[in-house]
Amino acid sequence: MADAARGQVVGSAAEVYESFFVPALFAQWPDTILHAAGVRAGVSVLDVGCGTGVLARAAQRRVGKSGRVVGLDPNPGMLAVARRSGAPVEWVEGMAEALPFADGAFSAVVSQFAAMFFTDPRGAIREAYRVLEPGGGLAVATWASIEQSPGYAAMLELLRREVGRAAAEALLAPFTIGTVDELRDLIGTAFEDVEVTRHEGRARFPSLDSWLHTDIRGWTLAEEIDDDAYENLLAAARVDLRAFVGPEGRVDFAAPALVATARRATPP
């Protein structure tokens, strides 16, 4: 489960991630994050931990032809899906802890739900500071703690009972920087005057079956749960998670996020 805990997915899961996770969870956040970082027309932006590129693509639309957007991720499967979008983004395979860019290369650095999976989160924040130009803006989003997302809290208990502790820990990994103090302390590794705000969000899936398919087949557990175990889990989910299914069969529950903002200091 080492790769699962670090958010590393296989190529087939990256396809599911883009098709299902992005509309269900991630597409609602780019405008909030880009606004927080001060991204505007003509600037240069680095998206750290870009995944399949939903935030980087939104950044490119905002900066326009006169700007530059780079999306960096360590996962080749995610980047392969990102490149197929055709967006004029520079897709780079690399680590947040060792950014392959010059000092002061970007006007803004953004990161959406990736910091929890960095090998060395504090080192990654120091690198983000290094590649920002003086006065450049940073915006980093993490999920609020799993207790504040009732659907995932219930799924955590289901996985723990039906599949085992390791699978439950993999699901818990995205929520590990889930408080204002934890996120502020992380960004404060390199930045002063860090502000963290909570934003309300929703998790929306077309059906309970779609929710399970997305979280298992489109995430780090894709190769950890075989077909028989998956069918057993789905049967249990139809009982344990039915409270999150509306009258038309759709799943909808709270999924709040925390967004930290800061700026690189300008020389006196």
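**Core, sheet and ring pairs**

Biologist: Which residues is leucine 46 in contact with, leaving aside its neighbours within four places in sequence?

Modeller: Leaving those neighbours aside, leucine 46 is in contact (heavy atoms within 4.5 Å) with Val70, Leu72, Leu99, Phe101, Phe106, Ala108, Val109, Val110 and Val131. This is a predicted model, in which local features need pLDDT of at least 70 and side-chain atom pairs count only at pLDDT 80 or more, while totals for chains, interfaces and linings use all residues. Residues are numbered from 1 along each chain as its sequence is written, and side-chain values use heavy atoms, with hydrogens and water left out.

Biologist: And which members of the largest nonpolar core touch the most other members?

Modeller: Leu46, Trp143, Tyr152, Ile187 and Leu212 do, in a core of 96 residues. A nonpolar core here is a set of buried Ala, Val, Leu, Ile, Met, Phe, Trp, Tyr and Cys residues joined through side-chain atoms within 4.5 Å; buried means under 20% relative accessible area, exposed over 50%, and partly exposed in between, with a 1.4 Å probe and protein chains only.

Biologist: Which helix gives the largest share of this core?

Modeller: Helix α2 (residues 11–26) does, with seven residues. Helices (H or I, at least four residues) and strands (E, at least two) are DSSP runs, numbered from the N terminus.

Biologist: Moving to the sheet, what is the order of its strands?

Modeller: The seven strands of this open sheet run β3-β2-β1-β4-β5-β9-β6, and their pairing is mixed; two strands pair if DSSP finds at least two bridges between them. At the edges stand β3 (90–93) and β6, each with a single partner strand, so one side of each has no neighbour in the sheet.

Biologist: In which sense do β1 and β2 pair?

Modeller: Strand β1 (residues 44–48) and strand β2 (residues 68–73) pair in the parallel sense over five bridges, and aspartate 47 stands opposite glycine 71 in β2.

Biologist: Which strands does helix α4 touch where it packs on the sheet?

Modeller: Helix α4 (residues 54–63) touches β1, β2, β3 and β4, and its direction makes about 175° with that of β2. Helix α5 (residues 76–83) also packs on the sheet, where it touches β2 and β3, with its direction at about 170° to that of β3. For these angles, axes are lines fitted to C-alpha atoms, for helices over the stretch in contact, and the values run from 0 to 180 degrees between N-to-C directions.

Biologist: What do the buried residues of α6 pack against?

Modeller: They pack against β1, β4, β5 (132–143) and α9; the buried residues of α6 are Gly123, Ala124, Ile125, Glu127, Ala128 and Val131.

Biologist: Now the rings: how many aromatic pairs does a search of the whole structure find?

Modeller: The search finds 14, where rings of Phe, Tyr and Trp (its six-membered ring) pair if their centres lie within 6.5 Å, and planes under 30 degrees apart count as stacked, over 60 as edge-to-face and the rest as tilted. Among them, tryptophan 29 and phenylalanine 113 form an edge-to-face pair, 6.0 Å centre to centre with 75° between the planes. This pair links distant parts of the chain, 84 residues apart, with tryptophan 29 in the loop between α2 and α3 (30–37) and phenylalanine 113 in the loop between β4 (106–112) and α6 (121–131).

Biologist: Is phenylalanine 113 buried or exposed?

Modeller: Phenylalanine 113 is buried, with a relative accessible area of 6%, and it has a positive phi of about 60° although it is not a glycine.
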